[in-house]
Each structure stands twice: as C-alpha cells, then as structure tokens.
Amino acid sequence: MAIKLGFVVAEFNRDLTYMMEIEGEEHAKFLGAEVIEKFYVPGAYDMPLAIKKMLEDGNVDAVVTIGCVIEGATQHDEIVVQHAARKIIDLSLEYNKPVTLGISGPGMSRLEAHQRIDYARRAVESAIKLVQRLA
C-alpha cells in the first residue's frame, strides 16, 4: 500500500514554491508514494494550522511542508522560519506522524532560492523514510 502524503504549500514566492511542489510530487511518485491532499496557505508562518487540520483528519501518513522565505531588509525572514519550524516539530510530536521541513531559507537571495528547489524533494524523501522506519 502506497504511503499517503499531504502537502502544505506556501503561496508566498509562488513562482518558486510551484516548482518545489511539482518536484516534490514527482519525487513522491518516483518513490511509490501518493500525494492525496494539498492545502495552500498564504506563507510559511501560516502552515501550522493547516498541518494540524491535516493531521487531525487522519487521512495522511505524513505531511510535507513546501515554502520559500527570502531575505528582506529586516530579520523578518529569520523570525518566520524559526517560529514555523518550531511549531512544525511540535505538531509532528503531538500527532506522532512525520511533518518534514521543505522550507528553504532564511537568509537567502532569490537566486539562492532557485538553487534550493530540491528542498521539496528532500522533504518528501524524509517523510517516506520516517513513515517506513516508524511503522
């Protein structure tokens, strides 16, 4: 039976997260998993509530987050990623299911973000490995 994944995808920097989403989905298919649910949120900071809903619904074996946080003039990017990552870890532990970090950033330029599209693929691979190893 195929591993069922949920994707929570940030719409902010959508040109980049779209490419990440496609790459993640193709990699899931290649590894024999299935993306059965997607939830789009405004940005990475908004992910925890969508992740929680997906985990509560209980239809997925793991959740993959996909986002891209580019450096701005302030340290806002660092705050966004730190808080999102902390809550993502908390939800994974609370629901006993993998929630993997496919968010690139902080502290990167748009060019560096293009070079990190593969973060989604890595997050998919981590989710699948964790589901298999925790079973």
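Which handedness, left-handed or right-handed, does the crossing of H2 and H3 have? The crossing of H2 and H3 is right-handed, meaning that the near helix is turned clockwise from the far one by less than a right angle. This is a predicted model, in which local features need pLDDT of at least 70 and side-chain atom pairs count only at pLDDT 80 or more, while totals for chains, interfaces and linings use all residues. Residues are numbered from 1 along each chain as its sequence is written, and side-chain values use heavy atoms, with hydrogens and water left out.

**Helix packing**

- Helix H2 covers residues 47–57 and helix H3 residues 76–95; helices (H or I, at least four residues) and strands (E, at least two) are DSSP runs, numbered from the N terminus.
- The two pack at an angle of about 15°, with their axes 10 Å apart; axes are lines fitted to C-alpha atoms, for helices over the stretch in contact, and angles run from 0 to 180 degrees between N-to-C directions.
- H2 and H3 are therefore roughly parallel to each other (angles under 35 degrees count as such).
- On the H2 side, Pro48, Ile51, Lys52, Leu55 and Glu56 meet Lys87, Ile88, Leu91, Glu94 and Tyr95 of H3, where contact means heavy atoms within 4.5 Å.
- By class, this contact of H2 with H3 has six nonpolar, no polar and four charged residues.

**Nonpolar cores**

- The largest nonpolar core has 22 residues, of which Leu5, Phe7, Val64, Ile66 and Val124 touch the most other members; such a core is a set of buried Ala, Val, Leu, Ile, Met, Phe, Trp, Tyr and Cys residues joined through side-chain atoms within 4.5 Å, with buried meaning under 20% relative accessible area, exposed over 50% and partly exposed in between (1.4 Å probe, protein chains only).
- At least two residues of this core come from each of strand E1 (4–10), helix H1 (14–30), strand E3 (62–68) and helix H5 (119–134).
- H5 gives the most to this core, with six residues.
- A second, separate core of 18 residues includes Ala10, Ala44, Met54 and Ile88.
- Not counting residues up to four places away in sequence, Phe7 touches Met54, Val64, Ile66 and Val124, among others.

**Two partly exposed residues**

- Glycine 105 sits in the loop between strand E4 (99–104) and helix H4 (110–114), and is partly exposed, with a relative accessible area of 22%.
- Beyond four places in sequence, glycine 105 touches Val69 and Val81.
- Alanine 2 lies in the segment before E1 and counts as partly exposed at 32% relative accessibility.
- Leaving aside neighbours within four places in sequence, alanine 2 is in contact with Gly32, Glu34 and Asp61.

Methods. Angles under 35 degrees count as roughly parallel, over 145 as roughly antiparallel, 65 to 115 as roughly perpendicular and the rest as oblique. Ala, Val, Leu, Ile, Met, Phe, Trp, Tyr, Cys and Pro count as nonpolar, Asp, Glu, Lys and Arg as charged, and the others, Gly among them, as polar.
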